[in-house]
Amino acid sequence: MFIICALLMVTMLTYAQDSKKGTYSMGITYGAGYSMLRMEDPYGMKDPEGIANLQGGLAFDYWFTDHIFMETSVTYQRRGWRMDGIRYDKEGEYEIEQEAKTNLHYIVLPMTYNYWYKMRRMGMVYEFGPYFGIGLGGKQKYSCDIELKDPAFQSAAEQLAKSMENETKIFDDDNTKRFDFGLRFGLGTTFGKRMKFMVGYDLGLLNLYRGGNHDMKSKNGTVYGALTFYVK
């Protein structure tokens, strides 16, 4: 997939150099979406649930021709996931509900090639290319709730659940790798010369899992929608 991406970029760049226009535009981009963690687990655990994400930053477009341009941007992106679990005892004496929620903060640097064509007053845009991500920080918060069948000991159970709550830093030597890399696919539309709306998907290609189990793999995945206003 990476080789195909590289060959496509070289082909498009070679074509673009024959009729390069040399114009550029800058804008402010922001949006929201849905981030998830794609897991390859030999023990058959389910993928964690995704959470809503936010993003925003600066975009820079350079036009090679009337239809082909390259977009680079520096974007803050919040990512994360959530894992829920409910455990019961055999006799129904208690119920334990657990939740682990992870929030990550990234700087994402996409470098995509875009094809644009006009449709009356609007335009359609296709984008494809690599992205690079740098994790700035992140925490995982674990919480627990215990419900007892016998209410006489419920207060003690609540204190026990409270003592089990904790926060863990994500980007360290025992958890998640800080750097990410993948491919971005997008489709959008332009409104005049000042506005663009894109929907797309960031497909993470690097294994972010850092642990002793070499069969375990985890990769990012992010669905997003972003609106860009151009100031030049």
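# Talking through a predicted fold

Trainee: Let's start with the open spaces. What volume does the largest pocket have?
Mentor: Keep in mind that this is a predicted model, and the value is computed from it. For the largest pocket, the volume comes to about 580 Å³.

Trainee: Which residues lie nearest the centre of the largest pocket?
Mentor: The lining of the largest pocket has 23 residues. Strand 1, strand 2, strand 4, strand 5 and strand 8 each supply at least two residues of that lining. Nearest the centre lie Trp63, Trp116, Gly192, Lys193 and Arg194.

Trainee: Okay, stepping back to the whole chain. In what order do the elements run from the N terminus on?
Mentor: The protein chain has 232 residues, and 40% of them count as buried. Its secondary structure comes to two helices and nine strands. From the N terminus on, the order is α-β-β-β-β-β-α-β-β-β-β.

Trainee: Now the hairpins. In the hairpin of strand 4 and strand 5, which residue takes a positive phi?
Mentor: Strand 4 covers residues 94-119 and strand 5 covers residues 122-148, and they pair in the antiparallel sense over 24 bridges. One of the pairs to look up is Gln98 with its bridge partner Cys144 in strand 5. The hairpin has two residues between the strands, and the one with a positive phi, near 55°, is Arg120.

Trainee: What about strand 9: how many of its 14 residues are buried?
Mentor: Look at its neighbours. Strand 8 pairs with strand 9 (residues 217-230) in the antiparallel sense over nine bridges, and Phe197 stands opposite Leu227. Strand 1 also runs antiparallel to strand 9, joined by 14 bridges, with Lys217 as the bridge partner of Glu40. Strand 9 is mostly covered, and its count of buried residues is 10.

Trainee: Which strand is included in what covers the buried residues of helix 2?
Mentor: Take Ala157, one of those buried residues. Ala157 belongs to a separate core of seven residues that also includes Ile96, Cys144 and Ile146. As for the cover over the buried residues of helix 2, it includes strand 5.

Trainee: Last one, the largest nonpolar core. Which strand gives the most to this core?
Mentor: Nonpolar side chains tend to be buried together in soluble globular proteins. Here the largest nonpolar core has nine residues: Leu37, Trp81, Leu104, Tyr106, Val108, Tyr131, Ile170, Phe171 and Leu208. Tyr131 touches Val108 and other residues, including Arg79, Leu109 and Phe181. With three residues, the strand that gives the most is strand 4.

Definitions and conventions: Residues are numbered from 1 along each chain as its sequence is written. This is a predicted model: local features need pLDDT of at least 70, side-chain atom pairs count only at pLDDT 80 or more; totals for chains, interfaces and linings use all residues. Side-chain values use heavy atoms; hydrogens and water are left out. Two strands pair if DSSP finds at least two bridges between them. Helices (H or I, at least four residues) and strands (E, at least two) are DSSP runs, numbered from the N terminus. Buried means under 20% relative accessible area, exposed over 50%, partly exposed in between (1.4 Å probe, protein chains only). Contact means heavy atoms within 4.5 Å. A nonpolar core is a set of buried Ala, Val, Leu, Ile, Met, Phe, Trp, Tyr and Cys residues joined through side-chain atoms within 4.5 Å. On a 1 Å grid over the protein atoms alone, a cavity is a set of points where a 1.4 Å probe fits but cannot get out, and a pocket is an open set with protein on both sides within 12 Å along at least five of seven lines; lining residues have an atom within 4 Å of a point. Grid points are joined across faces, edges and corners, and a volume is the space filled by probe spheres set on the points. Lists of a residue's contacts leave out its neighbours within four places in sequence.
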